[in-house]
Amino acid sequence: GVRLLLHGLCSNTTVKSLDLKGNNLRTMGAEALGKLLRQNKSIRSLTLEWNSLGVWEEGFSFFCQGLRANNFLQRLDLRNNQINHQGAGELAMALTQNNSLQELDLRWNNIGLLGGRALLNCLHSNKTLKRLELAGNNVPGDILKAVEQALDHNQDREAILSEAQNQVNILSKEVLSLKDEKNKQFMDFVDTVDKQKEEKARSEKMSAARVSQLQEALDEQYSIMNSLKTKLQMTEAALALSEQKVHNLGELLNAMKQEQNCVAECHFRELQQQKQEGADREGRLLHDLSAASEKNLLLRNQVDELERKCKVQQDQLFQVKQDLTNTTAELKLRAVEAEERLETEKRRFKQSLEDMESLRVKEVDRMTQRMEASERSMQNRIQRLEAIRISLEEELSQVKAAALTERGQAEEELIKVRSQARLEEQQQLEHLKEKLRLMTESRDEAQNCCLKQKEMVSEAQAKAKQLSLYADGLRRRLDELQQDLDSKEEEKVTELNKVKVELQEQIGHLEAERAAKDGLREKIAALERQLRALSSNHREALLDKEGEISLLLEKLRMKEAEISRVREEEAQRASCLQNAIMAYVQGSPLGTHSSRK
C-alpha cells in the first residue's frame, strides 16, 4: 500500500507535507521513499517516526541515495527508527551533497560514537542544515557540543549572507531609482525645449496675424476719420449757434451766481469744519495705525509668545474696527444733518430762488458727490487697514502652520519609534512562542515514550517469567561476557586515545573555519567599500549631469533673450509701419484739405 501511495505522489505537485508515522515500512517502502525523493519537487516536510527503517540496511541505503539527489525537502523526522552507526554514515554521505535540508530529527536511535563523528564530519561541507536533534543516541557530549557549534556557524553564515544580499538589493534599487529620476529629468527638459519651440512658432504666427490686423484697423480708422471730418463740419455750425445761446445764458448766470455766492460761502465754511474734523480723525487713525505697526514688529520679534498675545491683538483690532465703524457712522450722521440743513435752507429760499432751483440742485449734487468721494476715500483707508490686519493674520497662520508641521514631524518620529518597538516585541513574542511549541512537542514526545516504556515494562514482566528459565544459562554466559568486557575495555581505552587525537584535529579545523570567517568579514568590508566608491562615483556622475543641465538652461535663457529681442524688433517694425501709415494718411489730399480748413 505504501508503494502504491508513494508511486502516485511521485508526479504530484501540490502536497507539501507527508506524515507516515508508525506504518511499519520495510525495504520496499524505503526504496519507494528513495524514488519519491528523487522525482518529487513539492514535498517540504517528511515524517517517518516509528518505522524501524534502520533495520533494513539496503532499503535505508536507497532512501539515503534519494535524499542525496533531492534539493527541495526542508524537514525530515527519523525518530525511533533503530538507525545504527552505519545508517548514520550513509545519512552523512547524503547530507554532504544535499543543499536544501534545514531540520533533521534523529532522536531515540542507536547512532553511537561513530555515527556522531560521521554526522559531525558532514557538517563541515553542509552549510544549509540549521537544526539537528541527537538526543537518546548514546552520542558523547563533546560531539554534541561540536555539532551545536557547527549548526550555529551555519546560522551565522546564513544571517551574514542574507544581510549582504539585502544591502546589495537596497543599493541596486537606489541606483535604479536614481537612473529613473535622471531619465525623467532629461525627458522633462526635452519636453520643455519642445514646448518653448512651439511657443516661439505660435508667437511668430500671432505677430504676423497682429500685423495684418493692425493694417486692417488702420484702414478702418482712415475711413472713420473721413466720416468724422464730415461730422465736424456739421457740428461747427451747430456750435456757433450754441455759443450765441450760451453767451445769453451766461449773462443770466452771472446775475444769479452773485446771489448764490453768499449761500455757497456758508456751505463752504461748514464743509471746511467737517474736513478739519475728518483730518483730525484721520490723524488719530494714522497714529493708531503706527502704534499697531510697532506692535506688529514687536510681535514678529517675539514669535514664541504669539499664542499668548493673539487674543490681545484681536481685541485691539476689534476696537479699531469699532472706532472705524463709529467714525463712519458719525460721518454719515453729519452728512444727514447737512442734508437736513440744506433742505431747511431750500424751504427758506424757495420763494426767492424758484427760478434757480435747477442750478442749486446741480450744486447740491456736486456737494453730495464730494461727500461720496470723501466717504470712498475713508472706505479705501478702512480696506487698507483690513488688508494689513489680514496680512498679520496670515503671518500668524503661517507661524502656526510651521509649528504644527514641526509637531507633526515629531509625532511621526514617535510613531515610527513606537512601531519599531512593537515590531521588536512581536518578534520576541514569536520567538518565545516557537520555543514553547518546541518544548510542548518534546514534552508530548517524552510522554509518548513513557507510555511506550510502560507497555514495554508490562511486556517485560510477562517475559520475566520466561527469562527466569534462561537465567541459569545466562549466568554461565556472563562469565564469558566479563572476559569479553575486559578485552573491550582495553579497546575502548585505545579508541578514547584516538578520539582525543581526532578532537584536536577538529579543534584545528574549527580554528581554520574561524580564520575563514574573519576572511569573509574582511571581504564583506571590502565589498562595502566598493559600494561606497560606486555611490561616490554615481554622485560625481550626477553632479556632472547637473552641470550639463545648468549649461542647457543657460542656452535656453540665451534663446529666450533672442526671442525677446526678436519680439522687440517686431514691435519696432510694427510701430514704424504705424508711423508710416499715419504719415501717409496725413500726406494724402484728404489730409491736406482738412488741414487747410
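This is a predicted model: local features need pLDDT of at least 70, side-chain atom pairs count only at pLDDT 80 or more; totals for chains, interfaces and linings use all residues.
Asn 24 lies in the loop that links β1 (17-19) to α2, and its phi is positive, at about 55°, although the residue is not a glycine. Most residues other than glycine have a negative phi. A positive phi, near 55°, is also found at Gln 82, again a residue other than glycine. Gln 82 belongs to the loop between β3 (75-77) and α4, and with a relative accessibility of 43% it counts as partly exposed.

Helix α3 (residues 57-69) and helix α4 (residues 85-97) have axes that come within 8 Å and cross at roughly 15°. Because of this angle, α3 is roughly parallel to α4. The crossing is right-handed.

The largest nonpolar core contains 45 residues, of which Leu 48, Phe 63, Leu 76, Leu 78, Leu 104, Leu 106 and Leu 132 touch the most other members. At least two residues of this core come from each of α1 (2-9), α2 (27-39), α3, α4, α5 (112-122) and α6 (141-301). A second, separate core consists of five residues, including Leu 285, Met 378, Ile 382 and Leu 385. When neighbours within four places in sequence are left aside, the contacts of Leu 104 include Leu 76, Leu 78, Leu 95 and Arg 131.

Notes
Residues are numbered from 1 along each chain as its sequence is written. Side-chain values use heavy atoms; hydrogens and water are left out. Axes are lines fitted to C-alpha atoms, for helices over the stretch in contact, and angles run from 0 to 180 degrees between N-to-C directions. Helices (H or I, at least four residues) and strands (E, at least two) are DSSP runs, numbered from the N terminus. Angles under 35 degrees count as roughly parallel, over 145 as roughly antiparallel, 65 to 115 as roughly perpendicular and the rest as oblique. A crossing is left-handed if the near helix is turned anticlockwise from the far one by less than a right angle, and right-handed if clockwise. A nonpolar core is a set of buried Ala, Val, Leu, Ile, Met, Phe, Trp, Tyr and Cys residues joined through side-chain atoms within 4.5 Å. Buried means under 20% relative accessible area, exposed over 50%, partly exposed in between (1.4 Å probe, protein chains only). Contact means heavy atoms within 4.5 Å.
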